[in-house]
Amino acid sequence: VRQVSERRPIVRFRTLTKIAPRDISAHYPFGTTFGIIYGIRIITRKMDKEISKKQQMRTRAVAIAKIAVPVVLGLGALLWFVNSVSTKTVRESDIKFSTTGRGDIDVTVNASGRVAPAFEEVINSPIASRIVAVRHRPGDVVEAGTPLLVLDLDAARVATDKQADQLRMKRLELRQQESNDNTALSKLQMEIKVGDMKVRRLEAELRNERYLDSIGSGTTDKVREAEFALQSERLQQEQLRQQYANERDVRRAAADVKRLEIEISEKEAAMAARTLDDAEIRAPRRATVTSIFSKIGSVVNQGQELAVLADLGHYKIDAEAADAYGSKIVPGYRATVRIGATSLEGMVGNVAPVSANGLVSFTVTLDNDSCEQLRPGLRPDVYVSQGLKSEVLRITNGSYYSRPGNYSLFVRTDEGTLERRDVQLGAANMDYVEVVSGLREGEQVVISDMSDFNKQNIISIK
């Protein structure tokens with residue numbers, strides 16, 4: 001069956017008389033006789049038959065439908081794909097809005113903090129020894145003087161006793177030297193006294209010789225001899241006194257050296273005794289054990305960390321801010337620490353003089369440093385107060401804000417969609433952020449995390 005004319009479709013059958021009977025039987029397996037009868041019937045049937053207009057229109061509609069339907073479906077799928085790629089949908093209940101408005105902002109510098117104990121003390125081993133016993137475990141609250149660890153102190157005690165014996169020996173040596181010095185100096189003093197007596201005797205003899213010479217009973221030679229003897233004795237006395245002074249200074253210096261050696265030995269003995277006392281590893285104050293070296297039998301070196309104690313009843317905040325704010329963080333400035341819904345007031349304490357890795361470190365001393373919400377290791381937000389700005393355009397602060405600068409935020413439009421817009425933000429505090437440009441009063445801005453829509457410019461709201 002085929003169509004031979006588009007204007008007037010007809011059905012034309014080929015004459016089957018040219019087909020051999022065996023060929024007919026091959027097409028019709030009912031037998032040769034049946035095939036011959038069926039072929040004669042077809043030959044005698046009217047060969048051409050006209051197709052109605054209704055049938056033609058139906059055929060044409062079907063042909064058009066076969067082409068149009070796939071095209072329409074393809075275009076619809078393409079439009080749906082493009083629409084799904086260019087526009088996403090978000091539930092209104094999943095995002096948080098802030099309406100721009102005017103008000104005051106207590107300008108603050110944002111910083112990240114970490115809750116730390118008010119004091120944390122590390123106990124190191126003062127000697128090289130071996131751990132004999134462990135008295136406490138992490139988490140235990142200990143009083144002042146409570147033993148934490150027991151070290152092998154036999155060698156330390158022997159060294160301390162040796163220091164004490166050496167100190168006693170040096171003291172005895174000093175006493176012996178002082179006795180010898182007194183004896184030698186006393187002997188010189190006695191010789192000086194004897195020499196003074198000789199000088200007085202020679203002075204008397206000189207006076208007698210001069211008297212005898214004046215009455216004619218003496219001679220000038222005897223006077224000169226008496227004068228020479230007196231002068232010689234005086235020189236000997238002067239030499240003896242100088243010798244006494246030198247000997248006294250020398251022996252005094254030697255005694256001072258001995259005393260200095262004794263002072264050094266006393267300090268060494270006191271240090272050895274203090275080291276021995278510290279080696280008993282006791283808690284210096286009431287605190288909580290946060291960590292402790294608990295391997296019994298382990299050898300520890302001098303200076304090795306053995307335990308860490310912390311006061312978990314009082315806390316401080318170790319904070320860090322960008323070094324761009326270094327000049328705005330000054331000791332004495334007020335600061336607010338926010339832990340969840342709790343806000344704690346405090347004051348900036350120590351500020352590191354140098355920055356590390358682009359950050360400035362400082363501490364915040366809390367007015368209420370024993371608040372129940374404080375726990376070691378918590379990461380609160382810290383806001384250092386800088387001053388007050390009045391009647392500025394502002395929006396609610398959130399995770400989207402880090403520092404003054406340009407931001408890309410989603411703004412709610414009148415059509416009910418979210419449109420990405422470039423906004424410049426300024427100073428901020430823990431509640432509000434100043435809007436410098438890009439927003440008008442009364443507009444609604446998304447302050448939720450929209451990181452999943454970084455490539456979208458328009459978002460539909462469901």
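Are Tyr401 and Tyr407 buried or exposed? Select both: Tyr401 is buried, and Tyr407 is buried as well (buried is under 20% relative accessible area, exposed over 50% and partly exposed in between, with a 1.4 Å probe and protein chains only).

The model is predicted, so local features need pLDDT of at least 70 and side-chain atom pairs count only at pLDDT 80 or more, whereas totals for chains, interfaces and linings use all residues. Residues are numbered from 1 along each chain as its sequence is written, and side-chain values use heavy atoms, with hydrogens and water left out.

**Rings and charges**

Keep the two tyrosines on display. A search of the whole structure finds 1 aromatic pair. Tyr401 and Tyr407 form this pair, which is stacked, at 5.8 Å centre to centre and 25° between the planes. Rings of Phe, Tyr and Trp (its six-membered ring) pair if their centres lie within 6.5 Å; planes under 30 degrees apart count as stacked, over 60 as edge-to-face and the rest as tilted.

Next, select Arg394 with Tyr432: the charged end of Arg394 sits over the ring of Tyr432, 3.7 Å from its centre. Then select Arg285 with Phe119, where the charged end of Arg285 sits over the ring, 4.3 Å from its centre. The criterion is NZ of Lys or CZ of Arg within 6 Å of the ring centre and within 35 degrees of the ring normal.

**The largest pocket**

Return to Tyr401. Together with Asn110, Ala111, Asp381 and Ser402, Tyr401 lies nearest the centre of the largest pocket, which is lined by 16 residues. On a 1 Å grid over the protein atoms alone, a cavity is a set of points where a 1.4 Å probe fits but cannot get out, and a pocket is an open set with protein on both sides within 12 Å along at least five of seven lines; lining residues have an atom within 4 Å of a point.

The volume of the largest pocket is about 300 Å³ (the space filled by probe spheres set on the points, with grid points joined across faces, edges and corners). Colour strands E3 (101–117), E11 (315–322) and E15 (381–396): each supplies at least two residues of the lining. Strands (E, at least two residues) and helices (H or I, at least four) are DSSP runs, numbered from the N terminus.

**An open sheet**

Now show the open sheet of 3 strands, ordered E7-E5-E9 with antiparallel pairing. Its edge strands, E7 (149–151) and E9 (299–300), each pair on one side only. Strand E5 (residues 129–134) pairs with E9 over 2 bridges, and Arg130 stands opposite Val299 in E9. Two strands pair if DSSP finds at least two bridges between them.

Select strands E12 (residues 334–339) and E13 (residues 342–351), which are antiparallel over 6 bridges. Arg338 stands opposite Ser343 in E13. The two strands form a hairpin with 2 residues between them, and Gly340 in the turn has a positive phi of about 65°.

E13 also pairs with strand E14 (residues 359–366), in the antiparallel sense over 4 bridges; here Gly346 stands opposite Leu366. In the loop between E13 and E14 is Asn357, which has a positive phi of about 60° although it is not a glycine. Asn357 is exposed, with a relative accessible area of 81%.

**A last stop in E15**

Finish at Glu391, which is placed in strand E15. Phi of Glu391 is near 50°, a positive value in a residue other than glycine. Glu391 is exposed, with a relative accessible area of 53%.
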